[in-house]
Number of protein chains: 2
Amino acid sequence: MDLAVANGHVYRDGTVSRATVGVRDGRIETITDDDSVAADRVVDADGGLVLPGLVNAHTHSPMTLFRGYADDLPFETWLHDRIMPAEAQLSREDVLAGARLAALEMIRTGTTAFADMYFHMDLVAQAVEEAGLRAALGPGVLVDDDDDESAVAERIDDVADFAAEYDRAAAGRIRTMLMPHAPYTCSDDVLRELSSLSAGIDRPYHIHVNETAEEVERLRTAYGTDPVLHLDELGVLDDDAYIAHGVHLSDAEIETLADRGTGVAHCPAANAKLGAGMAPVDALVEASVPVCLGTDGVASNNSLDMLEEMKLAALVAKARDRDATALDAGTVIEMATANGADALGIDGGRIAPGESADMIVIDAGEAHLTPSRELLSHAVYAATGRDVMTTIVDGRVLMDDRDVETLDAEQVVADAERAVSTAAWT
Amino acid sequence: MDLAVANGHVYRDGTVSRATVGVRDGRIETITDDDSVAADRVVDADGGLVLPGLVNAHTHSPMTLFRGYADDLPFETWLHDRIMPAEAQLSREDVLAGARLAALEMIRTGTTAFADMYFHMDLVAQAVEEAGLRAALGPGVLVDDDDDESAVAERIDDVADFAAEYDRAAAGRIRTMLMPHAPYTCSDDVLRELSSLSAGIDRPYHIHVNETAEEVERLRTAYGTDPVLHLDELGVLDDDAYIAHGVHLSDAEIETLADRGTGVAHCPAANAKLGAGMAPVDALVEASVPVCLGTDGVASNNSLDMLEEMKLAALVAKARDRDATALDAGTVIEMATANGADALGIDGGRIAPGESADMIVIDAGEAHLTPSRELLSHAVYAATGRDVMTTIVDGRVLMDDRDVETLDAEQVVADAERAVSTAAWT
């Protein structure tokens with residue numbers, strides 16, 4: 001074997017058992033209770049929990065630079081008066097610094113793959129390649145009201161070019177996605193055209209939908225129907241599509257998502273922090289809508305910690321519905337792993353022979369993770385990203401014993417600090 | 001000086017400035033921008049954030065043993081079928097092991113003081129003394145329906161004895177409180193008698209009130225009025241009293257709490273996890289009700305991480321009210337520090353000359369806490385307990401550079417593991 005992860009409690013099919021995972025050529029070859037698997041490199045899980053790498057199904061990674069920049073503000077003020085003006089001033093160097101900072105934070109906190117929608121995506125791809133992470137990337141498409149037809153066509157060509165150039169880049173770890181920003185920033189024609197592109201290259205279609213009540217009301221007036229039903233009329237919803245947020249959904253919209261097999265990237269922290277509300281996540285799960293989990297950008301979270309997001313998802317669902325049985329720990333783990341990988345159309349998300357070796361090890365033996373026999377409960381309800389010891393993608397160790405091997409952590413932090421301290425927007 | 005905390009960004013009066021804190025005889029003597037304060041011991045805050053030690057205003061510390069034991073269950077099942085039967089089988093040794101585990105977790109995650117309501121409280125006091133923490137302790141008082149008058153009188157005598165014996169124990173770090181469990185587990189006479197005791201020894205009165213909607217409905221029927229209004233009629237509400245939870249409160253109840261100066265220990269994680277709901281915390285703050293913050297017991301959280309609880313408090317308030325401006329970061333920090341100390345009637349909670357030297361240092365320079373100029377935002381929205389480097393109580397260093405100095409961490413974890421693995425209830 002190239003790699004063995006030994007002495008861990010390995011998560012498979014909803015349960016945990018003591019096992020060693022053997023990896024060859026980037027894929028899991030064996031999961032055995034024989035501790036003595038011969039391998040070029042052995043990672044000692046030391047009694048910890050071995051989970052599939054976490055999949056952040058919705059974020060905007062360079063926004064790490066905006067951590068703490070615009071807290072406790074109304075959504076419209078936050079977006080139009082703070083974030084958008086700052087984004088307009090981000091240099092390519094800034095975006096690279098932010099993406100690298102995000103990559104470092106993700107490795108440290110156990111995220112092995114993420115979906116990213118931003119601009120200068122070639123630089124996000126560069127950060128992904130350097131970091132050794134997996135990602136599904138695409139430029140976000142927003143069409144200005146005053147854009148003429150040729151400008152729109154050029155924008156769509158850019159997106160198609162990005163998909164053509166970057167799909168299967170970074171030794172196959174980078175895949176692409178088609179990313180219309182939202183129904184309120186794209187015309188119906190653009191929404192349809194990107195959907196055709198998505199179908200043509202068999203890559204997912206991902207879009208912000210029904211984040212705030214105000215947005216839903218505006219669109220409902222404009223369309224004469226619920227926004228998700230309008231998207232369905234456009235023919236863009238299928239099982240290769242997934243929406244971000246879905247905070248405010250009618251029963252008919254939930255039924256439509258279920259019928260089409262269209263997923264939802266649930267972002268509980270960002271939805272709470274921006275005052276958007278709480279998605280009906282338990283109802284979505286009950287209706288068999290595939291639900292995955294995202295942190296959204298750091299400016300509305302303010303972290304990329306998927307373990308924290310998992311706890312928040314469970315708590316918010318229970319608080320919202322006043323039902324302690326809503327969204328149990330096992331469901332949340334699937335949302336953050338297999339469901340995420342499926343939504344992004346990428347490898348990983350499961351620990352099983354033949355699967356890509358994307359795994360993390362969560363510490364055991366710490367006070368806040370004791371007693372140790374409830375490791376799965378702790379992953380959701382007691383651990384945070386800081387409890388991740390080891391992060392592995394494609395069989396490559398990105399971090400072991402909390403030591404990041406692919407990025408120069410001090411340099412990444414220093415570059416981000418410099419980008420912020422010299423920025424025009426601060 | 002006995003101690004200096006140097007090179008930190010020190011929180012005072014809602015803002016942060018680079019300063020060194022000098023400590024003598026357990027109290028803060030000076031806060032100066034002169035880095036060269038001479039002291040017997042110097043703690044290097046290394047650019048981190050120096051906050052008042054966090055105050056957990058509502059917990060049941062020995063319940064750490066139940067971490068992950070009863071997740072995702074309805075409140076009544078959780079309480080009556082799982083927790084209470086297990087508690088009935090806890091030995092004194094178990095309670096001590098659980099209290100020590102809690103103390104270790106609190107030191108590690110930056111809690112310097114806590115309010116604890118449980119049984120075998122002499123053992124919690126022992127753990128507090130060993131750990132070097134500060135606490136306000138009292139046995140919870142539940143009166144069984146079939147208790148006769150003499151049994152009730154004996155129980156109240158026990159509580160009075162505990163208060164007499166333990167107030168100002170552990171070199172003054174232990175204070176006591178009077179802790180009727182709840183209106184539905186104590187008769188009006190017991191509620192009044194404990195209130196008289198509280199007034200007689202000038203120590204706080206703390207009680208679970210209005211946690212679930214079902215409980216409020218039952219009591220409203222029994223009393224013919226809102227539970228808080230009934231407590232007010234009994235005369236037990238004043239500015240030395242504070243209630244835990246207050247998830248479901250009428251406008252009249254909020255007004256009564258405000259009029260009496262009675263506080264609320266807000267427990268957002270536990271209220272969410274048990275499906276109780278979300279307290280109207282922003283409305284309470286608006287009404288000038290003094291709000292502090294608690295984790296509740298680990299069986300309904302599942303951690304004692306006050307930094308995590310702070311983020312959750314802000315997010316839940318914003319999600320509940322669909323208002324991003326609800327409960328801003330500065331308010332949350334006050335809830336978790338000064339307001340907690342005031343509710344518990346203890347020293348600490350503020351960094352200022354003359355105040356007790358209860359302080360923590362939160363790391364800087366980590367990816368998830370970059371950029372570093374937004375340290376207060378990060379304390380609420382990006383840090384978790386694992387980012388606490390240093391914990392100081394009464395001028396004594398309990399942990400520095402994440403090394404706990406007062407407890408044998410390995411032994412504490414091993415004892416808790418043994419208590420659970422040999423327990424009859426597991």
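**Exercise 1.** Work out in which sense β11(B) and β12 (residues 241–245) of chain B pair, and over how many bridges.

*Solution.* Start with the pair itself: β11(B) and β12(B) run in the parallel sense, joined over five bridges. (Strands here are DSSP E runs of at least two residues, helices H or I runs of at least four, both numbered from the N terminus; two strands pair if DSSP finds at least two bridges between them.) Next, pick one bridge: H208(B) has A244(B) in β12(B) as its partner. Now zoom out: the open sheet has four strands, ordered β11-β12-β13-β14 in chain B, with parallel pairing. Its edges are β11 (205–209) and β14 (291–293) of chain B, each pairing on one side only.

A quick note on the model: it is predicted, local features need pLDDT of at least 70, side-chain atom pairs count only at pLDDT 80 or more, and totals for chains, interfaces and linings use all residues. Residues count from 1 along each chain as written, chains are lettered from A and ligands numbered from 1 in written order, and side-chain values use heavy atoms, without hydrogens and water.

**Exercise 2.** Find how chain B can be laid on chain A.

*Solution.* First, superpose by least squares on C-alpha atoms of residues with pLDDT of at least 70 in both copies. A turn of 180° with a shift of 0.0 Å along the axis does it, at an RMSD of 0.0 Å. The two copies are therefore related as by a two-fold rotation axis. Finally, look for the chain B C-alpha nearest that axis: R386(B), 3.2 Å away.
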